[in-house]
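Here is a short briefing on one protein chain. Please look over the sequence and the model before reading on.

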Amino acid sequence: MSSQNVLERRPKPISTALYRHPRGRLASLLTLPMTWLVGVYILSLALLLITAFWTTDPFTSRVKPGFTLENFQQVVTVPAFRDTALRTLGIALAVTAICAIFAVPLAVFMAKVAGPRLRAVLAVLVTLPLWAGYLVKIIAMRLVWTDNGFFNWSLAPLGVEGPGLGVLTVILTLVYLWFPYMAIPVYAAVAQIPANLFDASSDLGASGFRTIRTVVAPLLLPSLIAGSIFTFSLSLGDYIAAMYVGGSTQMIGSIIAQNINLNPPLAAAFSVVPIVLVVIYLAAVRRTGALNNL
């Protein structure tokens with residue numbers, strides 16, 4: 001048997017087979033991610049939407065398949081549900097705005113003013129909340145803002161009293177939790193801005209604040225939008241913070257958690273609210289054109 005025949009009978013490597021079959025190459029790349037996306041993520045959302053149209057027997061608490069808009073009507077008409085949705089939306093918008101206000105000057109200082117050593121220290125401080133577990137951070141914030149917590153203890157000699165557990169504390173806690181998701185992309189964007197733009201603005205007589213407002217902010221809009229998507233959606237779906245530092249404050253997740261066992265169809269219908277709010281937010285952001293530059 002010639003050496004040429006031996007080479008022809010050797011098993012061909014997988015890369016060669018995939019190179020000769022483009023469809024097989026495409027299938028090997030997309031099978032696992034599409035299985036997760038369609039089979040797990042989209043299917044679960046579809047089942048959630050279907051369940052929202054079912055009913056719960058008030059006597060046996062058993063879920064009955066069917067079709068009714070009663071659950072969605074309750075979400076819209078019941079004052080407690082409507083107020084909770086509006087409160088959650090307001091909290092999410094407030095957290096996003098505060099994170100953006102803090103992120104821009106901090107990013108400018110880190111990227112253009114601070115030295116390498118100070119920049120490294122600030123980078124560690126910004127990402128520090130990501131190092132600890134979620135519940136650990138929530139409990140830490142509770143220890144700070146409770147009536148007998150660190151804030152009141154340290155400022156009591158000055159006659160200053162903290163806000164206690166409530167909506168404001170929920171906002172501060174969520175800012176603490178999600179600020180890195182805004183600060184990191186904004187810092188990355190500022191680091192790419194040429195330094196001569198700052199020099200030119202200064203030569204034209206612009207103050208530091210005006211430079212940030214007229215030069216830096218327009219260039220940072222895509223990164224601010226990217227960060228806001230994270231802070232807004234994460235705040236919108238959170239309820240553990242409200243449970244531990246919000247006192248009697250309830251968010252959308254609180255209503256869902258309370259009804260997930262008692263009335264699953266109502267919980268499913270209320271779960272559609274944050275989905276709709278995020279879609280509306282993304283549509284509003286898309287109209288600005290900032291998503292085209294991400």
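The model is predicted. The chain has 294 residues, and 33% of them count as buried. Its secondary structure comes to 14 helices and two strands. Among contacts with a separation of 6 or more, 69% join residues 24 or more positions apart.

**Helix H4 against helix H14**

- Helix H4 spans residues 70–77, and helix H14 spans residues 264–287.
- Their axes come within 9 Å and cross at roughly 55°.
- The crossing of H4 past H14 is right-handed.
- On the H4 side, the contact uses Asn71, Phe72, Gln74 and Val75.
- On the H14 side, Pro265, Leu266, Ala269, Phe270, Val272 and Val273 meet them.
- By class, this contact of H4 with H14 holds eight nonpolar residues, two polar ones and no charged ones.

**Helix H4 against helix H5**

- The axes of H4 and H5 come within 5 Å, with a crossing angle of roughly 70°.
- H4 and H5 are therefore roughly perpendicular, as angles of 65 to 115 degrees count as such.
- H4 contributes Gln74, Val75, Val76 and Thr77 to the contact.
- H5 answers with Pro79, Phe81 and Arg82.
- The contact of H4 with H5 divides into four nonpolar residues, two polar and one charged.
- Gln74 and Val75 of H4 meet H14 and also take part in the contact with H5.

**Nonpolar cores**

- In soluble globular proteins, nonpolar side chains tend to be buried together.
- The largest nonpolar core in this chain has 33 residues.
- The residues with the most contacts inside this core are Ile91, Val95, Val170, Leu174, Val186, Val190 and Leu220.
- Five helices each supply at least two of its residues: H5 (79–113), H6 (116–127), H9 (167–191), H11 (208–237) and H12 (240–245).
- H9 gives the most to this core, with twelve residues.
- Ile91 is in contact with Val167, Val170, Ile171, Leu174 and Met251, leaving aside neighbours within four places in sequence.
- A second, separate core has 20 residues, including Val75, Phe232, Ile256 and Ala267.
- Val75, in this second core, also belongs to the contact of H4 with H14.

**Thr96: buried or exposed?**

- Thr96 lies in helix H5.
- Thr96 is buried because its relative accessible area is 8%, and the cut-off is under 20%.
- Beyond neighbours within four places in sequence, Thr96 is in contact with Met182, Ser228, Thr231, Phe232 and Tyr281.
- Phe232, one of these contacts, is also a member of the second core.

**Pro129: where does this residue lie?**

- Pro129 lies in the loop between H6 and helix H7 (134–145).
- Pro129 is buried, with a relative accessible area of 8%.
- Not counting residues up to four places away in sequence, Pro129 touches Lys137, Tyr176 and Pro180.
- Pro129 and Trp178 are 49 residues apart in sequence.
- In space, Pro129 and Trp178 are 8.4 Å apart, C-alpha to C-alpha.

Definitions and conventions:
Residues numbered from 1 in each chain as written. Predicted model: local features only at pLDDT ≥ 70, side-chain atom pairs only at ≥ 80, totals over all residues. Heavy atoms only, no water. Axes fitted to C-alpha atoms, helices over the stretch in contact; angles between N-to-C directions. Helix = DSSP H or I, 4+ residues; strand = E, 2+ residues; numbered from the N terminus. Left-handed = near helix turned anticlockwise from the far one by under 90°. Contact = heavy atoms within 4.5 Å. Nonpolar A, V, L, I, M, F, W, Y, C, P; charged D, E, K, R; others polar. Core = buried A, V, L, I, M, F, W, Y, C linked by side-chain atoms within 4.5 Å. Buried < 20%, exposed > 50% of the residue type's maximum accessible area, 1.4 Å probe, protein only. Parallel < 35°, antiparallel > 145°, perpendicular 65-115°, else oblique.
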